[in-house]
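Here's a quick briefing on the pockets, the cavities and the chain contacts in this one. Have the structure open as you read.

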Amino acid sequence: MRNLGEDDRPAGGAALAFLNATIGYDSHPALHHLSASFAAGSMTAVVGPNGAGKSTLLKAAIGHLRPIGGDVRISGCRRTEIAYLPQLAEIDRTFPLPVFDFVAMGLWQRRGAFGGFRRDDDEDVARALSAVGLVGFEQRPLDTLSGGQLQRVLFARLVLQDAPLILLDEPFTAVDDRTTGELMDVVARWNAEGRTVVAVLHDLELVRRRFPRALLIARRLIAEGDTAAVLTPEHLLAARRHIEAWDEAAPYCEVAPAQ
Amino acid sequence: MTAADLIAVFSDFAFMRRALVGCLVLSIAAAPVGVFLMLRRLSLTGDAMAHAILPGVAAGYLFAGLNLWAMTAGGLAAGLAIALTASAVTRLTPLKEDASLATLYLVSLALGVILISARGSAVDVMHLLFGSVLAIDDTALTFIGIVASITVVAFAVLWRPLVLECVDPGFLKAVGGRGALIHVAFMLVMVLNLIAGFQALGTLLSVGLMMLPAASARFWTRSLGAMTALAMVFAAIASLTGLTVSFVANLPSGPSIIVAAGLLYALSIAFGPTGGLIARFRPARHRTG
């Protein structure tokens, strides 16, 4: 069993790169020949209209979807070490599990399936809960939490995962401004600690305010780089014009892989 | 009937003692299986698997008569084949797990009845379907003991990933946990317990000693550990009462045990503090914060 202390974890975050990657479902590309890179320690917002392939991008990064063409590369950590917050977490909230135990699952990489919990593990869980403002919720069952509280619980688990690369899929949907602000502070702290953060977001105002880099996609790359240079009216217009529906009779793409 | 009579039932008759020990050990093993079946919403899967093992048990019976090991091997093979085929169909086709299991177990049950009626008598069918305490000999007790030991060890090992696979399967997948493997291991433990139970309860009712105590325990506590412990206690009480009543009133043992478990279940629905009917309709008081 791995038992990395804080010192022997490789410094800085992990890097993620899409190399001419085509990712999709049933041979239809949701993302077509995408090349984009997320440097170690960077903090990037992924934006684009509905159906642009934003969630697909994250699913390919953690390996839930295999690229049809091209490659998705991660350097600096193993795939299973990535912390990933899905858009619709399939959480069974009726399961009789208190918040503390649920959050403690974030220590999976450290304790695995059978490792015993030590006192410093308990302290880490308590620290994670206090970082997201959930002190006093330790023994609450999951089904008594509000939507915002559940989102805080999921963030606490992300804190414990102590991951070099953190992927968030619309983490602030149905969350009020105050909670968004506090959770956004947690995200900023992760980045300040050198972790790489990639977040799918809809709130362009929030992206402009808090994210130094942005990636604008609409089933293909529209723009990538500094947020101010990416979120221009021309780019956003180009993104809005993308065609969301699949063309069942579309010819097969014959572009030679440009490596 | 006095307490002395009650003790005499078990002290005077060796087969009743064996039945009681067998059922108590079975209670300990079956309860956690039932709790997780219930929490994973697989209650009907347990039922389907109980039907599915019948042709295997019947095949064992046809080849070797009432030989425990032959029937066990057959039941295990049939149960595993159905469980694995069902999950393969679920993962590889758009069919959901309930539909793929239902189709397979119906075919399996029909095959089982055909196999038995080809060679055996109606008594044999009844025996296999509903069990008999007289069938619990020393070999059967040993087998129940082995299965219970395997179950306890398996749950010690599987507990955490199993909980995670229930609550948040996506997370388990993301951190590299083998959700499918854990599911198969759990199904294997379940099939083992069903087979261990069929001597006393029969193939159709052995799932009852899993589900009824687990479902009853849900009404008394919200803690997973307490729920499992309580399910064991309920199963043990049902075994003791059911066996005693079946002896005194000359009723079949398996159904008696399950009816006793059913009574406990009814009491739990009525009086259980977490979700019971009386607790639900009592005027609720609330705290200030």
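The largest pocket holds about 910 Å³ of space. It has 32 lining residues, and those closest to its centre are Glu90(A), Glu165(B), Asp168(B), Pro169(B) and Gly170(B). Bear in mind that this is a predicted model, where local features need pLDDT of at least 70, side-chain atom pairs count only at pLDDT 80 or more, and totals for chains, interfaces and linings use all residues. Residues are numbered from 1 along each chain as its sequence is written, chains are lettered from A and ligands numbered from 1 in the order in which they are written, and side-chain values use heavy atoms, with hydrogens and water left out.

**Largest pocket**

- A pocket here is an open set of points on a 1 Å grid over the protein atoms alone, with protein on both sides within 12 Å along at least five of seven lines; lining residues have an atom within 4 Å of a point.
- Volume is the space filled by probe spheres set on the points, which are joined across faces, edges and corners.
- By class, the pocket lining splits into 12 nonpolar, 8 polar and 12 charged residues.
- For those classes, Ala, Val, Leu, Ile, Met, Phe, Trp, Tyr, Cys and Pro count as nonpolar, Asp, Glu, Lys and Arg as charged, and the others, Gly among them, as polar.
- Helices are DSSP runs of H or I with at least four residues, numbered from the N terminus.

**Chain B against chain A**

- On the contact count (heavy atoms within 4.5 Å), 24 residues of chain B meet 25 residues of chain A.
- The two chains bury about 2200 Å² between them, with carbon and sulfur atoms giving 64% of that.
- Buried area is the accessible area (1.4 Å probe) that two parts lose on being put together, summed over both.
- Arg160(B), Val167(B) and Phe171(B) supply 31% of what chain B buries against chain A, more than any other three residues.
- There are 2 salt bridges between the chains, a salt bridge being a side-chain nitrogen of Lys or Arg within 4 Å of a carboxyl oxygen of Asp or Glu.
- One pairs Asp168(B) with Arg157(A), with the closest N and O atoms 2.7 Å apart.
- On chain B's side, the elements giving two or more residues are helix 2 (14-39), helix 8 (138-167), helix 9 (169-174) and helix 12 (224-248).
- Helix 8 of chain B gives the most there, with 7 residues.
- That side of chain B has 15 nonpolar, 3 polar and 6 charged residues.

**Cavities**

- The count is 2 cavities of 30 Å³ or more, a cavity being a set of grid points where a 1.4 Å probe fits but cannot get out.
- The largest has about 30 Å³ of space, and its lining is Leu80(B), Ala83(B), Leu84(B), Ser87(B), His183(B), Val184(B), Met187(B) and Leu188(B).
- Helix 5 (68-92) and helix 10 (179-205) of chain B each give two or more residues to that lining, which divides into 6 nonpolar, 2 polar and no charged.
- The second largest cavity also has a volume of about 30 Å³, with Leu26(B), Ala30(B) and Asn193(B) among its lining residues.
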